[in-house]
Amino acid sequence: MIRRLVTLARPALMAVFVAFLVHNVAMAADTIKLGVLAELSGVYQSFGIPVYNGIRLAVKEINDAGGVTVNGKQYQLDLLTTDEKSDLREASAATIDLVSDKKVKYIFGGIANLAPIVMQITEANKAIYFTTSSAAAAQIDKTKYMVLTVPPVATRLELSAKGIKQIFPEVKKIAMLMTQDATADEMLEPQKRVLTSQGFEITTTEMLPSQGADPSAQLTRIRATKPDLIFVGSGTVPVNNTVRTNKEIDAAPRYFSVGIGCTDVQKAGLDRPFASNTYVGANIENPVTPKAKDLAQRYKAFVGTDKLTGAYSAIWYYDFVHLLAKAFEKAGTFDDPQAVLAAMHEITYEGVSGNIHLDDKNRAVFGFDFCEVANATDKGDALHIDP
Amino acid sequence: MDGWTFLQQLFNGLSVASIYMLVGVGITLVFGLTGIVNFAHGEIMMLGAYALLVVAPDGGPMFIVGLVAAVTFVCLVSYAMERGLFRFTLKRPINGFLVSLGLILALQNGLIEYWGTDQQNVVAPFERVWQMGGTRISAERLFIIGITAVIFVTFSLFLAHTRVGTALRASAMDRETASLMAVPVPRLITLTFVIGGALAAIGGVLLATIYPISPQLGSTYVVKGFAIALVGGLGNVAGAMIAALILGVTEALNAGLGYGAWTDAISFALMIVILLVRPQGLLRGTEAQY
């Protein structure tokens, strides 16, 4: 009896199995793979986690809206993610896995000094690599497939100078306080030239040997030059240490920095005005534009939090996932990164960070949001400045 | 550098040297008696800082309560670490070193799990600043220098003039002979870990009054703490104190002369020169008296 039942059921079971196989193969065939190198642990996780969430949100929105339509057929975006633990070796291994083994042609992530190693692998494999890294940006002339998702250095520096003029019109003399790192190496001299060309006097330049170094000596030297403002190099640690120590030294009456959220600095006991630009697009922590406010709400709902503190890096690649999706549709392909890149150049994408286009070196061009607070408890102001 | 800037740098350097002293002496004490290189000392220091953050984040009179709570908490942790881990490594101190590396990860990630990697801020207990010509003297840094001086004068008197202090010095010189003379060496080892922890906790608390704190901050101070212990003569408390002063003041004066970017390089180059000239350290290590 049982043997008879099994014999009768066998064709039906086979049919179900074949249908399952066909469905999965079809599913794989109807997806476009995107790779993410995420710093979900390690020293960069405070940037990496919001970055990853921003990319995931963008992918979800595209997929929920029906995905990407290429040559009349709809495709879903499939995100392949690796936590490279803010580690060079892990980032290298993860990139090889994504690009060489899994044949992913579009990679996001890899922060700061991790990016150059990723770039070498993606370039060799003709994969498009989206990054914000200054260390990688320094090598943009040697690449064909790397897309820098922050504006060119010249644009960023001009925006910073414009921001200082608009927010602190009384400032004439600026002291520079930088930390020795790749960003300072790339940005310091050009930033000083741009500030000088905009009419500011640079009273002195002081360097901190590392992110956590005691800035009291440097602030003492700055004080002797009587500046109106200290331009503190990027990094929450040196900015907070400076804010804290300057309460004793009183080297200058106000601060400006780049890539730092104002709320982060307020927590260090800020006692005088501070302003910053987001460095990489819209300010999600203190959104000013309707699009930024809307994204902030969607981000909170997606991540399941009511706080946006530290989330400013969520915007780093958000618009670029959408831009990439549009480029697939325009190019009519996702198998040819060169064609996709060419399509990206033809698009001016109206993103949360404003109008975004790529220049001839694959660098994104868009305006910045700025935040400004008077002290530790001030709610502050925010504004958007275009290049 | 004019006179006022020199005085400012000297004052700032002494305050940083005080924290280095608290870390370096703790490291040298433990090594002197046990031969164990405890790299988790920086994280123990951060435990003290975070204990202050929990008990007295807003400064004021609660700071004293926070200080006592931090020292008590870290002493208990140090006691547990010695009894539960390090005492099993006394016969092979290299194992103690390896244990300390694991403790770094455990303690750091424990702090990150609860507070995240972002910096946290503790309001300083004193926010007064006095202007003396071109020099600004902050009450916080004056307090740091003062309390460190009091601690080390007291500690030096304890080592020199008490039975327990004498027993500690004897054990550091020769553990075996001291135990034959009925000195309770295992208890003194526990006491050394607790004293080292207390000093680190005070260092962490004082650090939190001048800088924002983060779980990774201890790693910077433990590297300098070891340099100080080496240069001072491993196991020599007075040597560690002198080395801490040299490092702290050198760093401040370097930066005051405009060599801010070179501070760490110049300071460690100086340490290397000292060790080349005197490989045993400024004052001799554990084979000599404290």
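Predicted model: local features only at pLDDT ≥ 70, side-chain atom pairs only at ≥ 80, totals over all residues.
1. Twelve residues of domain 1 of chain A touch 14 residues of domain 2 of chain A, a contact being two C-beta atoms, placed from the backbone, within 7 Å.

2. Residues are numbered from 1 along each chain as its sequence is written, with chains lettered from A and ligands numbered from 1 in the order in which they are written.

3. Where are those domains? In chain A, domain 1 is 27–152 + 290–367 and domain 2 is 153–279 + 370–385, with bounds from an automatic or database domain assignment. Taken over C-alpha atoms, their centres sit 29 Å apart.

4. On the whole chain: the C-alpha atoms of chain A fill roughly 95 × 45 × 40 Å along the principal axes. Chain A has 13 helices and 16 strands; these are DSSP runs numbered from the N terminus, helices being H or I with at least four residues and strands E with at least two. Of its 387 residues, 52% count as buried, meaning 20 or more other C-beta atoms, placed from the backbone, within 10 Å of the residue's own. Take the contacts in chain A between residues at least 6 apart in sequence: 64% of them join residues at least 24 apart.

5. Have a look at the open sheet S12-S13-S14 of chain A, three strands with antiparallel pairing (to pair, two strands need at least two DSSP bridges). S12 (349–351) and S14 (364–365) of chain A are the edge strands with a single partner each, so one side of each has no neighbour in the sheet. S13 (354–358) of chain A pairs with S14(A) over two bridges, and Leu358(A) has Ala364(A) as its bridge partner. Helix H12 (318–331) of chain A lies across S12 and S13 of chain A, at about 150 degrees to S12(A); axes are lines fitted to C-alpha atoms, for helices over the stretch in contact, and angles run from 0 to 180 degrees between N-to-C directions.

6. Finally, the chain contact: 30 residues come from chain A and 28 from chain B. H9(A) gives the most to the chain A side, with seven residues. By class, that side has ten nonpolar, 13 polar and seven charged residues.

Key
Nonpolar A, V, L, I, M, F, W, Y, C, P; charged D, E, K, R; others polar. Buried ≥ 20, exposed ≤ 12 C-beta atoms within 10 Å, placed from the backbone.
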